[in-house]
Amino acid sequence: MLTKALQNPFVSTLAVALIVVALPLVVGSNFHIRLATMVYIFSIVVLGLNLLMGYAGQVSLGHAGFFILGAYSVALGPSQLGLNPWLSMAGGVALTSALAFVIGRPLLRLSGYHLAMATLAFGAIVYVFITNEVDLTGGPDGMQVQRANLSVLGLSHLMSWYWLAGGFLVLSMLILSNLLSSPAGRALRALHDSEVAAGVLGIDVARAKLMAFVISAALAALAGANLALLDGHITPAAGGILRSVELLTMAVVGGLGSLVGSVAGAAFLVLLPQFLTEFHDYEHAILGFLLVVIMVMLPLGIVPSLNAVMRRWLP
Amino acid sequence: MKRTLTICAATGLALILSGQVALAEVKIGAVVSTTGPASFLGEPQKQTLELYVKELNDKGGINGEPVKLVLYDDGSDANASRTFATRLVEEDRVDAVVGGSGTGNSLAMIPVFEDAQIPYVSFSGGVEIIDPVRKWVFKPPHTDLMACQKIYEDMKKRGISKIAIIAGQGGFAKSMEKQCKRVASNYGISILMSESYGPRDSDVTPQLNRIKASTGVQAVLNPDIGQGPAIVTRNFHQLGMGAQLYLSHAAATSGYLKAVGSDANGALLPAPSLLVAEALPESDPLKKVLTGYKTLFEKSTGKEADAFGGYARDSFLLLADAMKRAGTKEKTAVRDALEATKGFLGTVGTINMSPTDHLGIDLSSFKMLKVVDAKWGIAD
């Protein structure tokens, strides 16, 4: 009964929602609130990436590209077009989704390593563009982001972004849970097991893949916009190739094919470096070592592997 | 896995405990990029900070209290700088902060310190950090704008008015290129051509050939850092370009001279006096400061001192000086003392702060250098 409940995406969404609501009651420090907010923001991207990789079975090494597009849309909208930050965020997510729709068609004809290479190239193009258009984006030093006003609720800048990012995370999980228990979601899962079999069953393979790609791009842009508004300053390094690899690591470490695994993976990679600063020069070596240990001991990722253990021990 | 968890828990506990032990000490926070692409800036800065904290503590600390340095590596990522800035303010409860190896890193951290009202002295060059003046933010390093102005003044003196720019795509190059283009007309300089090269290009002959083929270019300006200036210099020499070559202050490293040797002969560049410390006259009050830093750094690390480590020295001592003059580590008093800094001798020059100037140095702190026989010489 318990194990079954744990695998229900709606139950895990509820659990995450409870954590989001309860956390500010437990921790008071702005530093901890900022870390939690970053976990939520990265969870949003990783959720999308997980939909694409864990469910639809397509690899992307370019999601930092979508992430940074969302981030720069809230930086550029107010400064270049005089739009308000909220409209810029919505516009950024919409434009990024449209871009994903356009490039997704040709890209998703590829698979495996070829798809990984093509998405990597996409990420690199976005990064180089943003780095070089100095007049528009401020170049490698980045640009200021106009602070969005949330003070109507009487919250501090940080707390308002905590609630917003937490809200977006719960909303994203809810939408994905709904999607995954719909026919479209079952089609995606079929795709992961075998594209040929899925096609034979009458699933429009290209369309299902494209849908997962566009949704994941939209979530990446949403997360990027949240990060830019939280930080108030954005640099291209926030969306470099290393960020794409980091996002992929979060998805794999947390567990592919598990929504709550995305949150666990993001939490792991956001929080761990903060603990490891005590080791100074060795922190990167230790971080790498811990990742290897986790992948060896929990090969399916944190959440699915622990689930499997629990299934063995619980009724 | 269990052991991993134990280690994590133990570390977490240690962190919490260390935050709660309250000793009478001056806590100075630092965020530098000791790993990642900007590590060539952050590494000497970290070493310099550790050296001077130790030296200061051996002499009895600040106002009788020992200095504790809380240093984090941001991996050259501005978002990480911001997180560590929050951590310094919220968890470590530092009295003041230095650091920010790159301009982007400094800019990302500034709102945290402004909100928390904590004195912050930056290590990076971008003019945006102190223009407009921010109440709690100071910085000693030369700005790229000043380098452009110094170069243009030199050009005017030599009767050069038509130039070409060839720049890389890194943060430093992009920022300096922008500043140089912005103020060119103030000096009657017209930029006839503008070429660029990628971060991994090992040859810029095609770009230089285009410049060579155009008529009227009297000088070529290469505002870049790292290996870019060396590549440009070598190709420039190979092509036998007739124009005068100007480089940025960031090319003023021993690594640059080693890489290009006599190919650099005749090149002009503005540089902080650190490079030519030995060549300064004995009467120059800066000479003692410069040779002092060079000797200390080179003796302890075995590496050659550079301007970036010098920025860390200046920032840290500037802060220590302000705390001594204020007689307290109380933040508002320290900020006011920083702003009232007069005649402070730094590796960047003599620093005089004011409510409208949080940089504190002028163009005279740059020396125009000329490469002669693969060595630095003073050109003006």
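With which side chain does the side chain of N79(B) make a polar contact? The partner is the side chain of R34(A), at 3.2 Å. The model is predicted.

**Strand β3 of chain B**
- Strand β3(B) spans residues 96-99.
- A96(B) and V98(B) point one way from this strand, while V97(B) and G99(B) point the other way.
- All four of these residues, on either side of β3(B), are buried.

**Pairing with β1(B)**
- Strand β1 of chain B, residues 26-32, pairs with β3(B) in the parallel sense.
- The pairing of β1(B) and β3(B) runs over 4 bridges.
- V98(B) in β3(B) is the bridge partner of A30(B).

**Pairing with β4(B)**
- Strand β4 of chain B, residues 120-122, runs parallel to β3(B), and 3 bridges join the two.
- Y120(B) in β4(B) stands opposite V97(B).
- Between β3(B) and β4(B), the chain passes through helix α4 of chain B, residues 103-116.
- This β-α-β crossover is right-handed.

**Residue N79(B)**
- N79(B) lies in helix α3 of chain B, which covers residues 78-90.
- The relative accessible area of N79(B) is 6%, so the residue counts as buried, the cut-off being under 20%.
- Leaving aside residues up to four places away in sequence, N79(B) touches R34(A), M38(A), F42(A), L227(A), D231(A) and R243(A).
- R34(A) is therefore both a residue that N79(B) touches and its side-chain polar partner, while N79(B) itself is buried.

Note on methods: Residues are numbered from 1 along each chain as its sequence is written. Chains are lettered from A and ligands numbered from 1 in the order in which they are written. This is a predicted model: local features need pLDDT of at least 70, side-chain atom pairs count only at pLDDT 80 or more; totals for chains, interfaces and linings use all residues. Side-chain values use heavy atoms; hydrogens and water are left out. Buried means under 20% relative accessible area, exposed over 50%, partly exposed in between (1.4 Å probe, protein chains only). Two strands pair if DSSP finds at least two bridges between them. A crossover is right-handed if, with the strands pointing away from the viewer, the path from the first strand over the helix to the second runs clockwise. A polar contact is a pair of N or O atoms within 3.5 Å; within protein, one must be able to donate a hydrogen and the other to accept it, and residues adjacent in sequence count only if both atoms are side-chain atoms. Contact means heavy atoms within 4.5 Å.
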